[in-house]
Amino acid sequence: MRKAIRCEHWPLSAISELESLCEELRALPEIQAKRAIRHAAKLLKTTNSGEASLKDKYAMPGDDAAAFCCGDGYQLLAMEGMLPKFVDSDARAAAWSSVMVNVSDIAAMGGRPTAIANAFWHHSDEKSAEIVFHIKRACDVFGVQFSGGHSSLGDNFTPNLAVAITGYAKKLLSCHHVKPGQRLFVLSDLTGSWHGDLPYWGCVKGKTDEQIRQQWAIPAELAEQELVVAAKDISNGGLLGTLIMMLELNGCGSEVDLNAIPKPEGGDLIRWLKAFQSFGFILAVDIEKINPLLSYFQGSHLTCSPIGSITDTGKIVVDSFGTRSNFWNITSQPLTELGVVNASR
């Protein structure tokens with residue numbers, strides 16, 4: 001267990017509770033599953049060597065979508081796969097989620113979605129029709145072109161679903177832009193609700209299609225107004241798991257005030273830190289843009305709050321009422337092995 005930074009006046013119970021929280025979050029299967037990305041990382045040695053240009057890095061694994069220079073902007077490409085158990089047990093939710101998470105990936109790059117393509121395998125013709133129907137329904141809600149894909153039916157097939165998306169960004173947000181001295185913000189929609197006992201926070205219920213489209217276009221507006229330099233959508237692995245991957249590309253660290261993280265009224269912090277937020281982003285912001293960013297969200301139903309800063313330590317340090325603990329050492333224990341994780345600190 002990593003040792004917390006201690007001070008005589010801090011209660012031992014507070015130190016123990018914070019360490020326990022960190023251990024619980026570090027052990028999340030959703031975070032540990034990200035280690036599979038190392039297979040792609042091993043093929044991208046130029047990312048660590050510094051030989052690749054920034055333009056080349058935009059097109060490599062690391063951000064929420066690959067970005068390719070195109071005219072005055074960037075063509076974006078991303079893809080998500082749904083867990084087979086999820087596809088089998090709740091075809092409707094899996095189909096909807098497959099579109100929503102892809103749209104969020106495009107949004108995190110400062111982009112707007114253009115088209116969706118899907119590939120699925122199933123043993124049930126009825127369930128297959130349900131999957132396609134709800135993919136198309138989600139595309140209509142988010143204003144994305146439904147473009148077909150690949151379908152496979154077979155009596156012995158295990159249900160599987162993967163969905164790809166294209167988009168376009170006028171001004172790119174990228175984790176390659178993250179650097180020490182910037183401030184961390186969290187953008188969330190706290191007007192939603194939990195999906196049963198699952199760690200999933202939904203926020204589209206009660207909103208019109210137009211309201212949903214406008215909301216998911218906000219990161220693109222932040223990029224185009226140059227209020228934010230990087231974003232990462234909060235998905236599997238929760239807020240801190242997402243933060244690891246955001247910082248890892250440049251080997252940065254961060255100081256995070258857990259008590260500054262906005263959460264649903266009466267909500268449990270641990271559950272919220274584990275949550276897959278249907279609309280939630282970690283933002284990297286230059287200091288001079290903080291006031292304009294806060295002004296942008298005045299009167300909004302969304303919550304955009306500062307939660308910490310980016311450092312050059314390669315460590316994510318969390319703070320709770322003055323008690324501090326090292327949550328993750330990106331330099332010595334990289335998660336995905338992407339980025340300059342071997343840089344000397």
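This is a predicted model: local features need pLDDT of at least 70, side-chain atom pairs count only at pLDDT 80 or more; totals for chains, interfaces and linings use all residues.

Tutor: Buried means under 20% relative accessible area, exposed over 50%, and partly exposed in between (1.4 Å probe, protein chains only). Helices (H or I, at least four residues) and strands (E, at least two) are DSSP runs, numbered from the N terminus. The buried residues of H11 include Leu239, Leu240, Ile244 and Met245, and Thr242 and Glu248 are also among them.

A word on the ground rules: residues are numbered from 1 along each chain as its sequence is written, and side-chain values use heavy atoms, leaving out hydrogens and water. The protein chain averages a pLDDT of 91, and 93% of the residues score at least 70.

Now to the packing. The largest nonpolar core has 56 residues, and Phe142, Leu187 and Leu283 have the most contacts inside it. Such a core is a set of buried Ala, Val, Leu, Ile, Met, Phe, Trp, Tyr and Cys residues joined through side-chain atoms within 4.5 Å. Helix H7 (residues 91-108) gives the largest share, 11 residues. Leaving aside residues up to four places away in sequence, Leu187 touches, among others, Ile218, Phe279, Leu283 and Phe297; contact means heavy atoms within 4.5 Å. Apart from this core lies another, of 45 residues, including Leu28, Cys175, Trp272 and Ile282.

Rings of Phe, Tyr and Trp (its six-membered ring) pair if their centres lie within 6.5 Å; planes under 30 degrees apart count as stacked, over 60 as edge-to-face and the rest as tilted. Trp194 and Trp272 are edge-to-face, because their ring centres are 5.9 Å apart and their planes at 85 degrees. This pair links strand S7 (residues 193-194) with helix H12 (residues 269-274), 78 residues apart. Trp272 is buried at 1% relative accessible area, whereas Trp194, at 24%, counts as partly exposed. Trp201 and Trp272 are also edge-to-face, with centres 5.4 Å apart and planes at 90 degrees. Elsewhere, ring pairs link Trp96, Phe142, Trp216, Phe279 and Phe281 into a cluster.

Notes
pLDDT is the predictor's confidence in each residue, from 0 to 100.
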